[in-house]
Structure formats: C-alpha cells, structure tokens
Amino acid sequence: ENQKEISKIRLASKVNDIVAQTEVAYWELISAIEIMKVRQRSLELADELLRKNRIQVDVGVLAPVEVLAAEAVVAARKEGIITARVAIEAAEDRLRRTMNPKEYKDMWNLKIEPTDQPLFVEQRASVDEALQKAFSRRYDYRAAKIELDSREIRVKVAKNGLLPRVDLTGGLGLNGLSGETTALGFTRNSGNRSPLDGNYADSLHELLSGDFYSWRAGFSVEFPLGNVSQRSEYTKRRLEEEQARTGFHNLELTIEEQVRQAVRKLQGDMERVKATRVATELAKQRLEAEERKLEVGISTSFEVLQLQQDLTAAENNAVRALIDYNESQVELQRATATLLENRKI
C-alpha cells in the first residue's frame, strides 16, 4: 500500500515538473521575442541617425567619417537581429519539445504564436507561509515520509524474525468405514461378522453420519542455532532505517533552502523590474536630450550612438527582469507544490 501511494505521488511530482518546465520554456520564448523587438527599435534608431548624418554630410555640416561610424553601428545591430532571430527559433524548438504535440506529424514546423504576455503584479511572499505549504504539499517530502514508514515496517518484520517460531497444529476428520465381511475374534472361523460390512455407498453413509471421527493436536518449535542470518537481516534493516531518517532530515534542509531561495529570488526580481523600468525611462530621456543637442551642433554622433546603446541595454535588462519575475513565480509554486492546484490540474 505504501509503494502504491508513493507511485501516485511520484506521478504528481513528474506532472508538476513538466508544467513548470513548460511555463519556463514559454516565458523564454517571450523573452527572445521581446529582445528581438528591442533590437529592431535599436536598428531603427541607428538607421534614422545614419539618414540624418548623410543629409548633414551632403550639406557640408558633418564630416564623412560620421556617416562611416553610423554605418558601422547599423551593420552591428543587423547582426544582433540575426542572433535574436536564431534565439527565437531555438526557444520555439525547446517549447515544442516540451509540449510534444503528437497530433502533429511535422512537430518541428508547428508555428507557435504566444498569446499571454508577462505581467507585473507585485506578489509579496512570506517565507514562513511558503515553508508551511511546502512541508504539507511537497511531493518528495510526502513520499519520503511514507518510505520512512515502510522502513519501520521492515525493521519490525526483521525483529520478529529473531524470535523462535512456534506453530500450533490440529485437525479434525470424519471417516466412512465400510468394507468386506471379516470374522471377529482370533480366528477367521469364529462365525461372527463385522458390523462394518458394506460397499462404497455404505461408506458414504457412514461418513455423513459423523459416528466415526478422528482428531489430532500438537505444536512445533523452531529456533535456528546461532540465528546468524536473521540477526544480520535485522541489523541491515535498522541501518536502512537510520539511513532513511538521515536522508529525511537532509531533505527537510534542502526544501527549506529551496523555498527560501525561491522567495528571495521572487522579491529580488520584483525590485529588479522596478529598477530597470526607471533606468529605461532615464535612458530614453538622456537619448532624447542628446539628439536635441546634436541637432543644434553641440554633440556628436558618437555620443548619440553610445546613448542608443545604453537605451538598448536598459530595455534588454527590463525585459529580462520581467521574464525572470514571472519565472520566479513559477519556481516558487513548484517549490511549494502549489503549481498544479493553481493551474487546476
């Protein structure tokens, strides 16, 4: 019964892991798509600066070297878009592999269009509350408790094996007595006849009458000399139980560490989202100010391109922070074994 229950728990645990893997793979695809959008905007900014530089070079305001610098940046950002496209295709493949849609023969060409976007909803997690959920729901913890119970049962069985074996035996039977006529007495010619004379039918009749019964009773005692085998088995089972208890204690420490880490990462990623959004907004304002300075001739293309790069980096950080925050929510639910319940599975 314990092994049956452990099998059910392991199945649920596997489903829990697969759901978590699928959601993380989904958010990684979203991340790759958003990074592509950021790099496309970066390329558009570089193209626009290149266009303006060419006009200013044509009218003699800028030196031709400014055009070369802008062209180099445009080429580099086109390379970044190619890299981002490859990353999207790789993320799609990972999600396809995790989903494993058997109804599609050509799974690898199945087009995936994400419909859910990462949201930022502040979630304050309590370590104590998360630990309470984990120790009441975690699949590995529940399975370990049942396995420990099984180890205790094996110890009891092995301990019983050390005792002498005493078997009580008994039996009760009915007899149907009948047979050929035989003489009674010391000689065959005594002239008396046996009352048990008869055929097979008479034998059945006597059996059902219950007149002729027999019974027996007794007991046997068995005790192996030295009992070495059973004592070795008992020692082995006790050591296995101790090993299971040690493993159970280590599992408790592991669960607490994982939950604390998941809560800490969730809180950290939440603060990262706020910080990267502020950094992105400031990078936009700095770029706009530098572009206005360039228009009046008190800045250079190099400064503008550098601030464009800073804006791209800030937007990349903001995307990564938001994706990490959503993945941290999944990890916390996985660590506390609440993922399937929240997904109504």
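Guide: A residue counts as buried under 20% relative accessible area, as exposed over 50% and as partly exposed in between, with a 1.4 Å probe and protein chains only. The model is predicted, and in it local features need pLDDT of at least 70 and side-chain atom pairs count only at pLDDT 80 or more, while totals for chains, interfaces and linings use all residues. Residues are numbered from 1 along each chain as its sequence is written, and side-chain values use heavy atoms, with hydrogens and water left out.

Visitor: Is Asp324 buried or exposed?

Guide: Asp324 has its place in helix α7, where helices (H or I, at least four residues), like strands (E, at least two), are DSSP runs numbered from the N terminus. The relative accessibility of Asp324 is 12%, so the residue counts as buried.

Visitor: How far apart in space are Asp324 and Leu266, C-alpha to C-alpha?

Guide: Beyond residues up to four places away in sequence, Asp324 touches Lys265, Asp269 and Arg272, a contact being heavy atoms within 4.5 Å. Leu266 is 58 residues from Asp324 in sequence, and their C-alpha atoms are separated in space by 8.4 Å.

Visitor: How far apart are the closest N and O atoms of Glu233 and Arg237?

Guide: Glu233 and Arg237 sit 4 residues apart in helix α6, which means about one helical turn between them, and Glu233 is partly exposed at 28% relative accessible area. An α-helix has 3.6 residues a turn, so residues three or four places apart point the same way. Glu233 and Arg237 form a salt bridge (a side-chain nitrogen of Lys or Arg within 4 Å of a carboxyl oxygen of Asp or Glu), and the closest N and O atoms of this pair are separated by 2.8 Å.

Visitor: Which residues do salt bridges that share partners join into one network?

Guide: By the rule just given, the count of salt bridges comes to 32. Those that share partners make one network, whose members are Glu28, Lys265, Asp269, Arg272, Arg320, Asp324 and Glu327.

Visitor: How many residues apart in sequence are the parts that Glu152 and Arg245 tie together?

Guide: The side chains of Glu152 and Arg245 meet in a salt bridge of 2.6 Å, N to O. Since Glu152 belongs to helix α4 and Arg245 to helix α6 (residues 228-295), the parts tied together by this pair have a sequence separation of 93 residues.

Visitor: What span from first C-alpha to last does α1 reach?

Guide: Just after α1, Gly60 takes a positive phi of about 85°. The expected span of a helix is 1.5 Å times one less than its number of residues. With 57 residues, α1 comes close to the expected 84 Å, its own reach being 84 Å.

Visitor: Within what arc do the buried residues of α3 fall, seen down the axis?

Guide: In helix α3 (residues 127-137) the buried residues are Ala130, Leu131 and Ala134, and what covers them includes α6 and α7. On the other side of α3, Asp128 and Gln132 are exposed. Taking the directions from the helix axis to the C-beta atoms, the buried residues line one face of α3, because they fall within an arc of 100°.

Visitor: What is the geometry of the pair formed by the rings of Phe135 and Tyr141?

Guide: Rings of Phe, Tyr and Trp (its six-membered ring) pair if their centres lie within 6.5 Å, with planes under 30 degrees apart counted as stacked, over 60 as edge-to-face and the rest as tilted. Ring pairs link Phe135, Tyr141 and Phe248 into a cluster, in which Phe135 is partly exposed at 28% and Tyr141 is buried at 9%. The count of aromatic pairs comes to 4. For Phe135 and Tyr141 the ring centres are 5.2 Å apart and the planes stand at 65°, so the pair is edge-to-face.
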